[in-house]
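Subject: Structure handover and what turned up in it

Hi,

Here is the structure I promised to pass on. Please open it alongside this email.

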Amino acid sequence: MIAITVKFLGGLRQEMGTAQTSLSMPDDATVGDLEPRLRALGLDLDSEKNIVVLNNRGLGQWQPNRPLAADDAVIVFPHIAGGSGTSRPVRFPET
Amino acid sequence: MFQGGYMGKLLRVNLSTRQSFIETIEPEEFRLFLGARGLGALWYWREIGPEIKPLDAENKLFFFTGPMTGMPLVSTTKFELTTKGPETGRYLCSNSSGNFGPRLREAGFDGLIIEGVSERWTAIVIENDAVQFVDDEGWQGLSPMQARGKLLSQVPERKTKWATMSIGPAAENRVAFSSIFVDDGRAFGRGGGGAVMASKKVKAFAVRGDQQVPVADANKCKEIANNARTDLKTSRAKHRQLGTAQLVEIINELGCMPTRNFQTSWDAPDKVQGVYAQTLRDKYYVRNYACYRCSVACGQVGAVKEGEFAGATARPEYESIGLLGPSCGITDMAAVIAANELCDNLGMDTMTAGNLVAMVMELFERELVTAKENEGLEVRFGDSRALLEMLKLIAQRRGLGAIVADGAKGIIQARPEWKPFILHSKGMTFAAYDPRGFHGMGLAYATSARGACHNVGGYTVSEELLGTKYDRYAVEGKGKLVKTVQDNRAYIDSLGLCTVVRSAYKFSTSPTPETLLAITGYDFAPHLMTIGERISNLERMILVREGVRRSDDDLPPRMKEAIPDGPTAGHLISDQMLSVMLDEYYAVRGWDDQGMPRTETLEKLELTRVLETA
Ligand code: SF4
């Protein structure tokens with residue numbers, strides 16, 4: 001098994017009641033396996049309320065079949081406001 | 001053409017002759033430029049030639065509203081300032097919230113132009129089409145809020161309240177990054193509009209009126225407002241809860257936090273958490289702050305109750321926290337609140353002030369300056385007291401502050417050897433995102449119409465982090481991305497709407513028609529991105545007229561150094577990388593390789609005739 005650290009940032013820390021948790025994943029787990037495990041923690045990933053970043057890149061920027069490694073780091077933070085100015089759903093605060 | 005959304009008039013006040021004039025704004029000008037930022041650029045093109053210097057009597061202050069300013073919808077608070085700005089010495093556009101824009105419309109005007117110079121220090125009071133001057137040498141030395149209070153105590157009480165703009169002592173001392181404050185909490189923060197207002201000897205404005213902006217379909221507007229309120233209740237709940245300060249933690253984790261004058265872009269979370277949004281909430285929170293007609297109320301007012309900075313109160317946003325905080329090596333929220341409050345009282349932009357104090361700190365660290373040159377004050381990273389004292393020296397032009405007050409361009413002229421330590425583009429200092437971690441932000445800073453800026457330049461962070469076709473450290477694709485976000489922002493800034501709420505009205509790159517149809521009766525939606533592109537090109541033509549070429553679309557030397565540590569360690573933007581991004585950007589914009597809009601581009605955007613009218 002490999003342990004993946006998941007950190008909760010901003011307002012999400014309060015919502016989850018903790019700053020971070022550890023997911024224990026099978027040795028052959030891939031990026032595609034992350035999302036269901038995060039949902040199981042109670043994170044709302046459907047309404048794009050929350051953003052998941054793996055090793056400093058958005059989850060969608062990784063190939064789903066890329067194997068997970070023990071030093072992989074996941075951060076999750078809320079979609080706060082504002083936007084990138086494109087037609088995609090906006091997910092980031094602007095100041 | 002328009003059944004609502006515009007008053008169709010502007011008020012021009014000449015301070016030298018004390019005359020005022022009412023002028024017409026043509027429907028065609030609204031069709032092509034929409035409002036606020038677009039109209040500001042148009043009037044600037046017509047009236048501010050390249051030979052005029054920011055503090056010359058010939059420079060003017062243009063304030064324009066948009067078709068949504070003051071309309072019965074949510075967050076319709078914005079209006080735009082356009083002038084030649086002291087920080088860059090060139091075109092400056094800046095937008096602010098507050099009640100002033102809506103009240104100006106109630107007075108009967110979409111725009112206000114201030115020209116000439118007053119003989120004596122004065123305040124301008126506009127009530128409907130009556131303009132009065134309140135001369136008083138006692139205006140000098142007051143903070144923006146004191147000036148507001150003094151002016152409000154002198155105007156007659158009315159049922160609808162007065163809105164104000166005012167400047168502080170930094171503007172009177174011509175600090176190149178002094179701001180114009182709107183009402184009691186918003187500002188035209190960047191670029192030095194305050195110094196231009198001071199050069200005209202105007203300390204404050206008050207405005208109110210009894211008119212109503214016509215609306216094409218009032219019932220539909222009501223329905224849209226209700227839907228927007230419902231949408232924002234859930235979609236902006238976290239924004240209301242913790243404000244933009246939440247970005248401190250996020251941007252630090254992503255390795256883009258300006259740290260010790262951008263020497264690195266990250267610091268240990270157990271240190272930085274001193275300036276997290278949660279710290280602001282837990283230890284300093286007083287209340288939320290809302291702009292005109294806004295149900296989000298994203299501002300977080302914080303007060304320091306005990307310790308060295310007890311009594312300080314401010315509403316720190318992410319940019320101010322990042323640049324007065326970690327960029328100065330400071331991770332104490334009480335100190336950031338105190339520094340923010342001091343900037344507000346002096347009337348200075350927190351962002352450039354933070355950047356330039358961080359520069360002074362680095363100069364001390366490298367032993368390139370001594371306390372002797374700075375009235376005995378050493379200014380070291382992490383020293384909160386020194387930060388506050390340095391801010392005062394800048395506003396009063398004392399010690400090293402006498403040089404720093406002139407902004408990046410002035411500093412480089414006076415002390416060229418300090419250039420490697422100044423983070424700026426075209427004279428405007430960086431926002432609180434290190435572009436080495438999101439290369440699109442580098443292109444945005446380099447090409448922004450007003451110098452390094454995440455708003456006018458474009459905010460690419462979301463797309464670069466989440467978009468499946470982007471890589472945050474790649475240069476490919478960034479030209480198109482930056483063009484798109486810039487044009488989108490240009491039309492948003494012309495609406496009179498706060499950008500934070502724009503998704504509630506579907507003002508994206510493919511906007512839906514209902515909101516502007518209900519307000520104006522005209523279907524702007526299919527043209528909005530073209531209007532944004534037209535504004536971007538007009539602004540570029542202004543810059544070209546002011547001498548800007550490819551070599552000015554640049555990034556400072558520090559961006560060419562690799563980030564030494566943290567999540568983005570090793571990343572940089574070399575000259576060659578910037579050049580690749582610029583080539584792509586110019587190509588998608590239809591500009592030549594020097595960044596000049598091509599004739600056919602101007603033709604396509606219906607700008608050829610407009611440009612002939614200067
Ligand atoms: S969302 Fe925030 S910045 Fe925008 S109008 Fe509302 S309170 Fe003002």
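Below are the notes on chain B, one region at a time.

This is a predicted model, in which local features need pLDDT of at least 70, side-chain atom pairs count only at pLDDT 80 or more, and totals for chains, interfaces and linings use all residues. Residues are numbered from 1 along each chain as its sequence is written, chains are lettered from A and ligands numbered from 1 in the order in which they are written, and side-chain values use heavy atoms, with hydrogens and water left out.

**A helix pair**

Helices and strands are DSSP runs numbered from the N terminus (H or I, at least four residues, for helices; E, at least two, for strands). The axes of H2(B) (residues 36-47) and H22(B) (residues 528-545) come within 10 Å and cross at roughly 30°. Axes are lines fitted to C-alpha atoms, for helices over the stretch in contact, with angles from 0 to 180 degrees between N-to-C directions. H2(B) is therefore roughly parallel to H22(B) (angles under 35 degrees count as such). Residues in contact (heavy atoms within 4.5 Å) include Leu42(B) and Trp45(B) from H2(B), and Leu538(B) and Ile542(B) from H22(B).

**Strands**

S13, S14 and S15 of chain B form an open, antiparallel sheet in that order. Strands pair if DSSP finds at least two bridges between them. S13 (285-289) and S15 (313-314) of chain B are the edge strands with a single partner each, so one side of each has no neighbour in the sheet. Four bridges link S13(B) to S14(B) (residues 299-303), and Arg287(B) has Val301(B) as its bridge partner in S14(B). H11(B) (residues 277-284) packs on this sheet, touching S13 and S14 of chain B, and its direction makes about 50° with that of S14(B).

Elsewhere, S7(B) (residues 122-127) and S8(B) (residues 130-135) run antiparallel and are joined by six bridges. One of the paired residues is Glu127(B), whose partner in S8(B) is Ala130(B). Two residues sit between the strands of this hairpin, and Asn128(B) takes a positive phi near 50°.

**A loop residue**

Where is Phe381(B)? Phe381(B) lies in the loop between H14 (350-365) and H15 (384-396) of chain B. Its relative accessible area is 18%, so Phe381(B) is buried (under 20%, with a 1.4 Å probe and protein chains only). Not counting residues up to four places away in sequence, Phe381(B) touches, among others, Arg260(B), Cys328(B) and Met361(B).

Best wishes

Notes. Angles under 35 degrees count as roughly parallel, over 145 as roughly antiparallel, 65 to 115 as roughly perpendicular and the rest as oblique. Buried means under 20% relative accessible area, exposed over 50%, partly exposed in between (1.4 Å probe, protein chains only).
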